[in-house]
Amino acid sequence: MSNHYDAIVIGTGPGGEGAAMGLAKQGKSVAVIERAPRVGGGCTHWGTIPSKALRHSVSRIVEFRRSGYDVEGDFSKQFSFKSILKHTERVINDQVQLRQGFYMRNDCPIYTGHAQFMTANVIEITKEGGEKEYLSAEKIVIATGSRPYRPADVDFNSPYIFDSDTILSLDKDPKSIIIYGAGVIGSEYASIFRGLGVRVDLINTRDRLLSFLDTEVSESLSYHFWNSGVVIRHSESYEKIEETDNGVVLHLESGKKMRADCLLFANGRTGNTHDLGLDKIGIETDSRGQLKVNEHYQTAVENVYAVGDVIGYPSLASAAYDQGRIAAKAMISGNNEGELIHDIPTGIYTIPEISSVGKTEQELTEKKVPYEVGRAQFKHLARAQIGGINVGFLKLLFHRETKELLGIHCFGERSSEIVHIGQAIMEQKGEGNNIEYFVNTTFNYPTMAEAYRVAAMNGLNRLF
């Protein structure tokens, strides 16, 4: 016997939550399956929330250290990695309670255990003690997220080798760390550990940091890392990772080697699909465990949908929730009543933050678009001076003739918040998207938002 529902959602991260809430709000009966004891998925427990909460704590320590207040000794040494995790744990608990309430209020029962397809409409749930339960539904959503990529030749059982999930269990304060992989996660943790005074070697497999960013922003991050003491090694790959009595030695294919107290391997992620029984229903995955979907988020099997990290790009919590919501609409109406916006903002929580939306200078130059640039340096803003923010800038790219905003790039504290002001204007239709909006609008003073007025005037003054 199995309990039957209109839909089953596997996973309670942002994608699963978006789908479950979207279906429930339309009056559908929805069952949710979560492998972990608590809802929230990797985003809440191991990824976005803990890393950003950690980053917040460390950035406040860095800010206080630079404030110039008369404090005896180095107060930042009172904080350990383990102690600042207490704030992270509080945030996680608050998030779990909040999201648990969403499912309860919308009558979405949560089944705890490992889900596996029996057929395209029947799911087997294996509970912790081995007991099995079966659910059936007309529609099924796979929202199982992703996990850190773990190559077979790296011993993650070593007490000195971590990935971005297990790094949260670090119970000793290292004096040095090697971070292999300089993508978003690697760069964020490089900021966190350097902010705690740890010596950081950042190994980048590409020729520059975060190469998808506007070059000026990427170079600014590289310089800031260099200035803070992070050693970056570009275009490198590991040959082997050797465990020693008190740490690790990383051997690179170039012949270089380095030693540290521990190593964080942060070079990519893999979709959580390996044990879902997808072969039983004819769904294939790529080499990174990801699923192909159409514009409705349907997989190769008509009644099975997939959203979030498990389908790859853009692999953002913000986008995953919207994907789940859009998939729910498609399941109910049979057509695509909504779609993900084209220009999705990126938020990278390094110290300082990075956020951007729209085109980069390199893309516009390649397409021969006649654009101009407006810049505002944070150090010239009163609010930044009050807050001791002397690093950072806002950069606006706009069409020389129509004055249409084409790209917004921000580097510095509060960037992930500041970018949305420009995004709102850039998303306007027709003449509503115009850089002159920022000149003709009165901003609160002093604010960081005032950077838009400064940057707009700077750019417009370049026109002739």
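Student: At roughly what angle do the axes of helix α3 and helix α4 cross?

Tutor: The axes of α3 (residues 48-65) and α4 (residues 81-105) cross at roughly 135 degrees and come within 9 Å. Here an axis is a line fitted to C-alpha atoms, for helices over the stretch in contact, and angles run from 0 to 180 degrees between N-to-C directions. Helices (H or I, at least four residues) and strands (E, at least two) are DSSP runs, numbered from the N terminus.

Student: Before we go on, what kind of model is this?

Tutor: It is a predicted model, where local features need pLDDT of at least 70, side-chain atom pairs count only at pLDDT 80 or more, and totals for chains, interfaces and linings use all residues. Residues are numbered from 1 along each chain as its sequence is written, and side-chain values use heavy atoms, with hydrogens and water left out.

Student: Thanks! So how are α3 and α4 oriented to each other?

Tutor: They are oblique to each other. Angles under 35 degrees count as roughly parallel, over 145 as roughly antiparallel, 65 to 115 as roughly perpendicular, and the rest as oblique.

Student: Is that crossing left-handed or right-handed?

Tutor: The crossing of α3 and α4 is right-handed. A crossing is left-handed if the near helix is turned anticlockwise from the far one by less than a right angle, and right-handed if clockwise.

Student: Which residues make the contact?

Tutor: From α3 they are Ile49, Pro50, Ala53, Leu54, His56, Ser57, Val58 and Ile61. On the α4 side you have Phe81, Ile84, Leu85, His87, Thr88, Val91, Ile92 and Gln95. Contact means heavy atoms within 4.5 Å.

Student: What about α3 and helix α5, at what angle do they cross?

Tutor: The axes of α3 and α5 (residues 184-195) come within 9 Å and cross at roughly 40 degrees. That pair is oblique too, and its crossing is left-handed. The contact is made by Ser51, Lys52, Leu54, Arg55, Val58, Val62 and Arg65 of α3 and by Glu188, Tyr189, Ser191, Ile192 and Gly195 of α5. By class, the contact of α3 with α5 holds five nonpolar, three polar and four charged residues.

Student: Switching topic: how many salt bridges are there?

Tutor: The count comes to 23, a salt bridge being a side-chain nitrogen of Lys or Arg within 4 Å of a carboxyl oxygen of Asp or Glu.

Student: Which residue does Glu17 pair with?

Tutor: Glu17 pairs with Arg99, the closest N and O atoms being 2.9 Å apart.

Student: Is Glu17 buried or exposed?

Tutor: Glu17 is buried, at 3% relative accessible area. Buried means under 20% relative accessible area, exposed over 50%, and partly exposed in between (1.4 Å probe, protein chains only).

Student: What joins Arg60 and Glu63?

Tutor: A salt bridge, with 2.9 Å from N to O. They are three residues apart in α3, so about one helical turn separates them. Arg60 is partly exposed at 28%, and Glu63 is partly exposed at 37%. Both also belong to a network of salt bridges that links Arg55, Arg60, Glu63, Glu353, Glu413 and Arg414.

Student: How about Arg233, which residue is its partner?

Tutor: Asp201, with the closest N and O atoms 3.6 Å apart. Arg233 sits in strand β11 (residues 231-233) and Asp201 in strand β10 (residues 199-203), so this pair links distant parts of the chain, 32 residues apart. Arg233 is partly exposed at 26%, whereas Asp201 is buried at 7%.

Student: Now the backbone. Where is the bond from Ile351 to Pro352, and is it cis or trans?

Tutor: The peptide bond from Ile351 to Pro352 is cis, with omega near 5 degrees, and Pro352 lies in the loop between β18 (346-348) and β19 (354-358). Tyr445 and Pro446 are also joined by a cis peptide bond, with omega about 0 degrees.

Student: What is phi of Leu210?

Tutor: Phi of Leu210 is near 45 degrees, a positive value in a residue other than glycine. Leu210 is buried, at 5% relative accessibility. Tyr297 has a positive phi as well, about 70 degrees, and is buried at 9%.

Key
Ala, Val, Leu, Ile, Met, Phe, Trp, Tyr, Cys and Pro count as nonpolar, Asp, Glu, Lys and Arg as charged, and the others, Gly among them, as polar.
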